[in-house]
Amino acid sequence: MNGLPRELRGFFVTGTDTDAGKTFVCARLARLLGGLAGGRLSYVKPVQTGCTRRQDVGTAGGWSAPDVDAVALQWPRARALACFEPPCSPHLAASLAGTALSCRELAKACADAVPEGDMALVEGAGGCWVPLNARETMLDLMLCLRLPVVLVAANRLGCLNHAMLSVEALQARGIEVAGIVLNRTCPPAQCDAGCGAGAGPADELRILQDNEASLEAFAAEAGVPLLASLPWQEDPLAPLPQLEAVAGTLFDRFRRQGAPRGAMPSWSVPAAGESPESAAEILAFDRAHLWHPYTSALNPLPVRQAVSARANRIVLADGTELVDGMSSWWCAVHGYGSPALKAAMSRQIHAMSHVMFGGLTHRPAAALARRLLDLAPAGLEHVFFADSGSVAVEVALKMAVQYQIATGRASRRRFLTPLGGYHGDTQGAMSVCDPVNGMHTLFAGLLPKHYFMERPSARFDQPFDPASLSEAARILEARQDEIACVVLEPIVQGAGGMWFYHPRYLEGLAGLCRQYGILLVLDEIATGFGRTGRLFASEWAGVAPDIMCVGKALTGGMMTGGAVLASGAVAQGIEQAGPAEGGGVLMHGPTFMGNPLFCAAACQSIDLLLASPWQERVRNIEGWLREGLEPCRRHPAAADVRVLGAIGVVEAKRPVDMARLQDYFVSRGVWIRPFNRNVYLMPPFVSPEEDVALLCDAIRGAFDAGLC
Ligand code: PMP
């Protein structure tokens, strides 16, 4: 969806409410700013209700639009775009006229209405939350236009409340508030400032002055200046020196905005605080200075600039919308921008975004630990919060070693793990990743040497062969004095090869661990929270680990974070250590451990998941993936097709050219990032059937086009 409108420069004027005096302020500002801009100013009213039809084509092409007519008295370059007769909210007026407004179209019309090089003064309708249609409000239009906003606040009873709520709503969306103009909306005789019956002008003045002082102080806290406080003004044409100063300030600001940078960044919600540089500049800077995953610093694989993401769509800087097939590496199970997740995090930010976890605790941490222990397999009783998946694995491995030392088996300091595993990129985690994928030769001497056994050969979807466990049994028997734990991903080996193995393998391995008193560490970082069709993949085998790691979808993809869950026996074991053996304490404590914002996001994500029909959604996606990917099996370039839960993999016979394939996928409107020989999907659980079909079509298309 390209073809974005041209970017505008200037200001958007909104009100705290209807009748706050926006038009009054706009008319005067248009004249003053227009003068400063040497006549190069266009006033635009995107939507005007309460219009009347007229024969002589005027400011609104066949309509008389009251606000525009008022502005036109002071500044002739004034236009209304969408005009409606009923004097009501835009969404209602449009629907009464048998039409519907679209934020995107209005933004485009605004861009078309302002000649290139002109300063734009765009006046909203009513306040921030005035609806344009069933989904979009004036706030969305402001987001599209990305003009700094001047807020006109009516100086009357409720002024502070309305003004600060508006500032909060604007800032919460990353919209810049250039300042507030406080405006007295009725003459002194008509006291509406809340001074009560029998009060005189002096009482009213006291309240109005207090509104001004209080608003100035509160707005300053939010970083917003009170630009002016206007007295009641009978004559709309009389000069108002206060507004001359405002126009001067705004014009200075306008000059600092710089030249327009081409197209409007995107109609969708821009990221708060995004740099104003153009997409090309960002990409150039990125290429020169940013290191991306698994690529060169000097000659990197190409990247694209994402500007926003909603539900199962990612929006690029040029307006292209991509159907997401990756859930941002297993994380975004609810899709992007879930209002519930944003609200939970916003609440937590306002209360306390971070405090150290040493010596302090808080409700979000306790609430998250309680949820995790309630949901996890039986026997897990203690929770250690980590700052990422890899760190969770590091902690789990240290925990296992400390347990063995403390319980008198200090020689057990190595780990056993299957080939084809992936556990993260920090050194401890990397040492138990597949030695080839994890480049163990490159890091020889740095990484400790552990024991590897063959990849679980029994496929998930075929009869179980007990012989697949024989190597594990042999190594555990022979090396039981050396091995602290067996560590693996349950059922699905993810980044190491997207391989799905039989639950009986895991069951058998857990039995062997028990037999030798060796701990079982399950890495549920990728599989946890429903991805395989069970809340945790270990449930397929009915296995309860001694230690379990979670991460990724734990926060619904809102932020990083992980957790390590340990059994009572593990905690009690570590406790037995003498002073020389660690003294019973777990030797780990990252700075951001238990971060309240992470905990709040994770609690909300878990609640959201459990309240959703996630099993049905995952089952549906599984069916759609099977249907869509199964035809690839017949393709000569495909080695295998595997589907489990909301994961679908087509394994090619040869490694794929990732950059070329990704160009192709983007041209098909999907976001899929293959690696090595695997072209795979793990879409957000909220993905509708047609989008999953689109993802599968694109993969089939890539095989047919000879790209795999
Ligand atoms: N374990 C598994 C199974 C993973 O898939 C990953 C991430 N791909 C990790 C651990 C590491 O997590 P993180 O990238 O958050 O450190």
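**Briefing: domains, ligand site and salt bridges**

The protein chain is divided into domain 1 (10-256), domain 2 (275-304), domain 3 (369-611) and domain 4 (614-704), with bounds taken from an automatic or database domain assignment. This is a predicted model, in which local features need pLDDT of at least 70, side-chain atom pairs count only at pLDDT 80 or more, and totals for chains, interfaces and linings use all residues. Residues are numbered from 1 along each chain as its sequence is written, and side-chain values use heavy atoms, leaving out hydrogens and water.

**Ligand site**
- The residues around the ligand (a heavy atom within 4 Å) include Ser388, Gly389, Ser390, Glu489, Asp523 and Lys552.
- A backbone N or O atom of Gly389 lies 2.9 Å from a ligand oxygen, and a side-chain N or O atom of Ser390 lies 2.4 Å from an oxygen of the ligand.
- A polar side-chain atom of Lys552 is 2.8 Å from a ligand nitrogen.
- Of the 400 Å² of accessible area that the ligand has on its own, the protein covers 82% (Shrake-Rupley method, 1.4 Å probe).

**Salt bridges**
- The whole structure holds 25 salt bridges (a side-chain nitrogen of Lys or Arg within 4 Å of a carboxyl oxygen of Asp or Glu).
- Asp607 and Arg371 meet in one of these, at 2.8 Å from N to O.
- Asp607 lies in helix 18 (residues 596-611) and Arg371 in helix 12 (residues 363-375), so the pair ties together parts 236 residues apart in sequence (helices are DSSP runs of H or I, at least four residues, numbered from the N terminus).
- Arg633 pairs with Asp640 at 3.3 Å, N to O.
- Both Arg633 and Asp640 belong to a salt-bridge network that also links Arg459, Asp461, Glu630, Arg642, Glu651 and Arg677.

Conventions. A polar contact is a pair of N or O atoms within 3.5 Å; within protein, one must be able to donate a hydrogen and the other to accept it, and residues adjacent in sequence count only if both atoms are side-chain atoms. Helices (H or I, at least four residues) and strands (E, at least two) are DSSP runs, numbered from the N terminus.
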